[in-house]
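Work through the exercises below with the coordinates open. Each task is followed by its solution.

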Amino acid sequence: MAGPGPELGLLFQRRFLAARQLRGMPWAELEQQLRAAPERSQSSLLADILHQTVLHPLCVRYPPSAAYRRCFLTELIKKHESTAADPLDELYDALARILSEEESAHCYKSYLLPSGEPVTLSESVAIISQGTTGLITWDAALQLAEWATENPAVFTNRTVLELGSGVGFTGLVICKTCNPKTYIFSDYHHCVLKQLTENIHLNGFTLEPETTNPAQGQEAEGKEYQQPKLVVAELDWGSVTEEQLLALQADVVIAADVIYDPEITLSLTGMLQKFSTSRADRKPEVYIALTVRNLDTYHMFQAELDKAGIRWQIIPAHSNSIFLHDTQPNVTILQLFI
């Protein structure tokens, strides 16, 4: 069985692996290192991993799913038992506590920015929940966020409109790393909008016209970004008018993983056309990150853009993987010229 990925791997990535120059180390390599280490060091190494992942304060406060943590600890115990090291009671105690937990329909996922600050999200454990796929973070959102951190000038001091924000990952990363003037999160499903709002608060932000303490979620002290104006908007692509889009005054429009259904694709293209006619003086820059799951849907989107007179180009892949995730070779970022 393959070792666990992003949820606890994020703490490997920054807290433990970076400190020991072991970033991205696979389970097999960990096993080799344990066997090569002196017996006294083996237990210490495993205890360090345990405290920088499952028992890390961030993970304790905002735990990933119980099933995921069980999988992670089971793999870690296998590596421990493959060595001659003394038993590590902490490992078994941690697993026993998780085995006694009840399963929940929601969990937390945390990702660490280059500054070390986390972006933590409350998500559904199911891909489809409450009639929507918008309650989890999809791969294209991760890669769009990574591209944004490499290109902060696109967003700095500008008004950004995100279409289909979902649980908010991409927008929260941009707000914490790129200093936008205004960031407009948008979606349509009421459950998604509720979860999105909770995640914005969870990460220490307030929404207009709120005036409460911004440090109400995660600790906001020592942050290097300014609080932008944040808005959560209910946006129906099919019924939104040119006047409503114009009122948003967006300089940049982004979206991630919104090209997966022909009907939705047509609604998106129709709305983009409204952008092209609503601002003759200054058109917004548009960037769409998509996972090519079905070539027919992808080609249909390109054809609809061509039909609407919207030029497009593929953005070169970003160079660095900031967030620990399974890289999807079929994720593409398009820049549209409306």
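Predicted model: local features only at pLDDT ≥ 70, side-chain atom pairs only at ≥ 80, totals over all residues.

**Exercise 1.** Determine which residues of helix H8 (residues 169-177) are buried.

Step 1. Apply the cut-off: a residue is buried under 20% relative accessible area.
Step 2. Phe 169, Thr 170, Gly 171, Leu 172, Val 173, Ile 174, Cys 175 and Lys 176 are buried.
Step 3. That is 8 of the 9 residues, so helix H8 is largely enclosed by the rest of the structure.

**Exercise 2.** Locate Asn 157 and Asp 257, and decide whether each is buried or exposed.

Step 1. Asn 157 has a positive phi of about 60° although it is not a glycine; phi of Asp 257 is near 55°.
Step 2. Asn 157 sits in the loop between helix H7 and strand S3, while Asp 257 sits in the loop between strand S6 and helix H11.
Step 3. With 59% relative accessibility, Asn 157 is exposed; with 9%, Asp 257 is buried.

**Exercise 3.** Describe the salt bridge between Glu 101 and Arg 69.

Step 1. The N to O distance is 2.7 Å.
Step 2. Glu 101 lies in the loop between helix H6 and strand S1, and Arg 69 in helix H5, so the pair ties together parts 32 residues apart in sequence.
Step 3. Glu 101 is partly exposed at 33% relative accessibility, whereas Arg 69 is buried at 7%.

**Exercise 4.** Describe the salt bridge between Glu 304 and Lys 307.

Step 1. The N to O distance is 3.2 Å.
Step 2. Both residues lie in helix H12, 3 residues apart, about one turn of the helix.
Step 3. Glu 304 is buried at 17% relative accessibility; Lys 307 is exposed at 64%.

Definitions and conventions: Residues numbered from 1 in each chain as written. Heavy atoms only, no water. Buried < 20%, exposed > 50% of the residue type's maximum accessible area, 1.4 Å probe, protein only. Helix = DSSP H or I, 4+ residues; strand = E, 2+ residues; numbered from the N terminus. Salt bridge = Lys/Arg side-chain N within 4 Å of Asp/Glu carboxyl O.
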